[in-house]
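Here is a friendly note to read beside the model, point by point. Keep the structure open and find each residue as you go.

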Amino acid sequence: MADNVGKARRSEEGQCDAEKGGAGSGASVEQGQVLFPPSFSVSEIKNKQRRHFMFLRWKQQQRKEKLAIKKKRKKEREALGDQAPPKPVPKTIENQRVYDETAVDPNDEEVALDEATDEFAPYFNRQTVPKILITTSDRPRGRTVRFCEQLSKCIPNSHVYYRRGLALKRIIPQCISRDFTDLIVVNEDRKIPNGLVLSHLPDGPTAHFRMSSVRLRKEIKRKGKTPTEHQPEVILNNFTTRLGHSIGRMFASLFPHDPQFVGRQVATFHNQRDYIFFRFHRYIFKNERKVAIQELGPRFTLKLRSLQKGTFDSKFGEYEWIHKRHEMDTSRRKFHL
């Protein structure tokens with residue numbers, strides 16, 4: 001009987017120690033809330049389950065403190081009214097970006113001269129109409145084939161052909177003779193699309209991208225109906241450097257110059273931290289004031305690996321820019337596009 005009483009007393013003491021933080025955490029209990037000291041360290045707790053439990057309690061306390069501070073600041077701003085100080089701008093990797101000397105100024109005469117004489121000038125001068133050839137690597141799988149077919153629905157006047165073992169050096173002259181302005185090659189690995197080569201014809205340049213996060217139309221939740229044949233609007237975001245400006249003009253030259261706004265379709269190339277996100281949406285006008293967007297698909301993400309002068313030539317081609325991971329990715333706040 002005495003042993004049972006002793007065990008019960010020891011278990012009650014153990015529970016009290018657990019509520020106070022246990023394992024040397026130094027936590028205290030006030031009105032059912034755990035208050036952790038500034039020097040609290042979860043890693044000092046030896047027991048794994050107890051360490052995980054205390055970590056969750058600590059995170060919960062941190063969230064409550066942040067919410068209380070946020071409510072206090074909101075009340076202060078409401079009390080001050082128009083005299084309230086402006087909200088501080090949060091620090092992000094984007095606004096802390098390292099200055100790039102190749103950033104494009106819209107009013108720069110040198111940039112304007114380069115744009116008037118580069119390979120994409122005939123498109124922007126409305127002298128050529130985009131005509132795109134979309135092909136794949138040898139023996140493409142079903143997912144890559146469906147992705148190319150859906151991509152052709154997004155890009156007007158594009159045609160899908162299969163390689164059938166032909167080399168790109170033989171395909172490019174045939175494309176030029178048939179008045180194609182661009183060549184898109186979708187590569188795959190282990191049945192998953194993982195690369196994209198975009199070559200502007202007839203004189204280049206050629207860009208090689210690494211492709212990831214590919215989602216077909218059926219894999220997108222709350223997707224819209226099949227895209228129509230209207231010419232979509234094109235949105236290019238955050239292509240600020242000379243290199244990014246060239247890549248943006250290359251993407252723009254894939255689409256007809258005059259969009260048909262009646263179709264309410266828009267293709268977006270959004271550059272963020274040198275990752276290019278592609279989305280294809282349709283506008284939905286709910287009333288005169290409210291408008292929403294509905295994704296049509298497909299979606300994918302591109303990462304530029306190289307930009308080559310002229311058409312595709314893996315052996316003797318001259319490269320304007322090559323991504324060297326160990327040399328260029330030393331800072332998280334330095335971007336190239």
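1. Tyr275 belongs to strand β10 (residues 275-285), and β10 and β12 pair in the antiparallel sense over four bridges. Two strands are said to pair if DSSP finds at least two bridges between them. Helices (H or I, at least four residues) and strands (E, at least two) are DSSP runs, numbered from the N terminus.

2. Before going on, a word on what you are looking at. This is a predicted model, in which local features need pLDDT of at least 70 and side-chain atom pairs count only at pLDDT 80 or more, while totals for chains, interfaces and linings use all residues. Residues are numbered from 1 along each chain as its sequence is written, and side-chain values use heavy atoms, with hydrogens and water left out.

3. Which other strands pair with β12? Strand β7 (residues 206-215) runs antiparallel to β12 and is joined to it by eight bridges; there, Arg215 has Arg299 as its bridge partner. Strand β13 (residues 319-322) also pairs with β12 in the antiparallel sense, over three bridges, and Tyr319 in β13 stands opposite Gln308. Eight of the 10 residues of β12 are buried, so this strand is largely enclosed by the rest of the structure. Buried means under 20% relative accessible area, exposed over 50%, and partly exposed in between (1.4 Å probe, protein chains only).

4. Now look for empty space inside. Rolling a probe the size of a water molecule over the atoms shows where empty space is left. On a 1 Å grid over the protein atoms alone, a cavity is a set of points where a 1.4 Å probe fits but cannot get out, and a pocket is an open set with protein on both sides within 12 Å along at least five of seven lines; lining residues have an atom within 4 Å of a point. Grid points are joined across faces, edges and corners, and a volume is the space filled by probe spheres set on the points. The structure holds two cavities of 30 Å³ or more.

5. The largest cavity has a volume of about 100 Å³. Its lining includes Leu151, Ile184, Phe251, Phe300 and Leu302, and β6 (192-200) and β12 (299-308) each supply at least two of the lining residues. By class, this lining has 12 nonpolar, no polar and no charged residues. Here Ala, Val, Leu, Ile, Met, Phe, Trp, Tyr, Cys and Pro count as nonpolar, Asp, Glu, Lys and Arg as charged, and the others, Gly among them, as polar.

6. The second largest cavity holds about 50 Å³ of space. Among the residues that line it are Asp274, Lys303, Trp321 and His336. Its lining divides into four nonpolar, two polar and two charged residues.

7. The pockets are worth a look too. The largest pocket has about 470 Å³ of space. It is lined by 21 residues, and Arg242, Leu243, Ser246, Leu307 and Glu320 lie nearest its centre. With six residues, α7 gives the most to this lining, which divides into seven nonpolar, five polar and nine charged residues. The second largest pocket has a volume of about 350 Å³, and its lining has four nonpolar, no polar and six charged residues.

8. Leu168, Ile171, Ile172 and Cys175 are buried in α6. They cover an arc of only 100 degrees around the axis, which puts them on the same side of α6 (the arc is that of the directions from the helix axis to the C-beta atoms). The face turned away from this buried side carries the exposed residues Lys169, Arg170 and Ser177. What covers the buried residues includes β3 (132-136) and β5 (182-189), where contact means heavy atoms within 4.5 Å.

9. Finally, check the backbone. Most residues other than glycine have a negative phi, and most peptide bonds are trans. Asn238 has a positive phi of about 65 degrees, and at 42% relative accessibility it counts as partly exposed. The peptide bond from Leu201 to Pro202 is cis, with omega near 5 degrees, and Pro202 lies in the loop between β6 and β7. Another cis peptide bond joins Gly297 and Pro298, with omega about 0 degrees.
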